[in-house]
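Okay, thanks for making time, everyone. Let me put the model up on the screen and then walk you through a few spots in it.

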Amino acid sequence: RCIVSGTCPPAVTSNAVTLVVATAPTITTQPANVTICANANASFSVVATGIPAPTIYQWQVSTDGGATWTNLTTGGSFTPTFTITGATTAQNNTRYRVIVTNSCGQNVTSSVAVLTVNALPVVTATALASRICISDTLIGLSGLPVGGSWSGIGVSGFNFVPTSTAVGTYTLTYTYTNAAGCTASAPVVAKVEDCQERIRLLEDNAVILYPNPNNGQFNIRINSTLYNYLGMKV
């Protein structure tokens, strides 16, 4: 501050001001490598300190292993966190870094972080018959690569059970996860119909319980070739 005096008192004192001697920014948290599956998002972050506090950020990308660098302009390129939305396998092994600058023009460059983008598995599901009767027995489900799982109404393991559904159209999904932890799926459609032509009246001797009378232990015989599987509650 400054005290100003003259022939006539009193003297006057100025406001106080602070002298700040800038120091180059210091990065306390470096960007880390990121591994994702194709179509996912990836983020790189940096934490920097200094006097004055750094406020200017410029993220850069290298597609040739770090030989040359290009300034980025999207995805938070001028902030502490840079985000890639919906990364593709073409971005696999790209490298990222950030230049952090304070208001005095002093800067520091971060370490390099590598983006790894793993491909999604190619998943296929074998189409079902165009017409499925609700009275049908188990219908096998098939998908590739082997080792995935099925989901949807009427699905039991690797089978579709029409009798556990109602007349209608159902989307069944085969999902597979590869060794890199990336997941993809493929759908098939199951159209369940009533199939009235299958309804047949059974003969009087179609269902036989014997012996009769019995002592509580008995057999049931079905004299019909209409179905391969029957559920029965006694």
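Let's start with Tyr-96, which is buried, at a relative accessible area of 3%. Buried here means under 20% relative accessible area, exposed means over 50%, and partly exposed is in between, with a 1.4 Å probe and protein chains only. Before I go on, this is a predicted model, where local features need pLDDT of at least 70, side-chain atom pairs count only at pLDDT 80 or more, and totals for chains, interfaces and linings use all residues. Residues are numbered from 1 along each chain as its sequence is written, and side-chain values use heavy atoms, with hydrogens and water left out.

Phe-82 belongs to strand S9 (residues 81-84) and Tyr-96 to strand S10 (residues 94-101), 14 residues apart, and the pair links distant parts of the chain. Phe-82 is buried too, at 4%. Ring pairs also tie Phe-44, Trp-59, Phe-82 and Tyr-96 into a cluster.

Next, the strands. Strands (E, at least two residues) and helices (H or I, at least four) are DSSP runs, numbered from the N terminus. The chain has 0 helices and 23 strands. Its radius of gyration is 36 Å, well over the 17 Å the globule rule gives for 234 residues, so the chain is more spread out than a compact globule. That radius is over C-alpha atoms, and the rule is 2.2 Å times the number of residues to the power 0.38. The C-alpha box is roughly 135 × 50 × 35 Å along the principal axes. Of the 234 residues, 27% count as buried.

Now look at S20. Strands pair if DSSP finds at least two bridges between them. S20 (residues 168-177) runs antiparallel to S17 (residues 149-151), with 3 bridges, and Trp-150 stands opposite Tyr-174. S20 is also antiparallel to S21 (residues 183-193), joined by 10 bridges, and Leu-172 has Val-188 as its bridge partner there. The S20 and S21 hairpin has 5 residues between the strands, and Gly-181 takes a positive phi near 85 degrees.

Methods: Rings of Phe, Tyr and Trp (its six-membered ring) pair if their centres lie within 6.5 Å; planes under 30 degrees apart count as stacked, over 60 as edge-to-face and the rest as tilted.
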